[in-house]
Amino acid sequence: MKFYIASKFENAAQVQAVRDVLVAAGHTHTFDWTRCGLATSAHELAEVGAAEMDGVAAADVVIVLLPGGFGTHVELGAANALGIPVLLVAPTEDDLKGAKPCPFYWNANVRRFWGASDRLGGFLAERLARMEQGHMVEDTPLKHIFDTIFTPLSGKGGRA
């Protein structure tokens, strides 16, 4: 499955860790913006921005790792506009529903997950495999998934 990971530049290490797990599981990364460094000139920004949009458009799924910046939300918006499935990962459930919720987190093509874990890459690899098989992916707290050792979701609790 082809994937794109959207997040802010400060999360580059987490993006790279997730990328490495997904690529090792046989998935294809459509564009790795973490290898570009921090673009500063208008020319660099235009090149990276175009490559990021191409990466989103080429993806079968877009993974959004929050917290994100402006670019993260532009990439989320592009995926929403193109109808590409989105797996949105937030540190806490409050980051999804808090005082200033983002309406685009709730589009029909977006599945939401919350909670921190060092096994995030494995979790996402398992979810991509389920999507490839045509299974529905449900919203859930990550702790619930890890406590059940990646067994299929029962639909009990955890829904956003």
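A residue is called buried under 20% relative accessible area, exposed over 50%, and partly exposed in between, with a 1.4 Å probe and protein chains only. The model on display is predicted: local features need pLDDT of at least 70, side-chain atom pairs count only at pLDDT 80 or more, and totals for chains, interfaces and linings use all residues. Residues are numbered from 1 along each chain as its sequence is written, and side-chain values use heavy atoms, with hydrogens and water left out.

**First stop: the salt bridges**

Select K97 and E93, which form a salt bridge (a side-chain nitrogen of Lys or Arg within 4 Å of a carboxyl oxygen of Asp or Glu), with the closest N and O atoms 3.0 Å apart. K97 is partly exposed at 41% relative accessible area, and E93 is also classed as partly exposed, at 30%. Elsewhere, salt bridges with shared partners link R19, D20, D32 and R35 in one network. The whole structure contains four salt bridges.

Select D32 and R19 next; their closest N and O atoms are 2.4 Å apart in a salt bridge. D32 sits in the loop between β2 (28-29) and α2, and R19 in helix α1 (residues 12-24), so the bridge ties together parts 13 residues apart in sequence. Helices (H or I, at least four residues) and strands (E, at least two) are DSSP runs, numbered from the N terminus. D32 is buried, at 12% relative accessible area, and R19 is buried at 10%.

**Second stop: N109**

Move to N109, in the loop between α4 and β5 (110-114). Is N109 buried or exposed? N109 is buried, with a relative accessible area of 17%.
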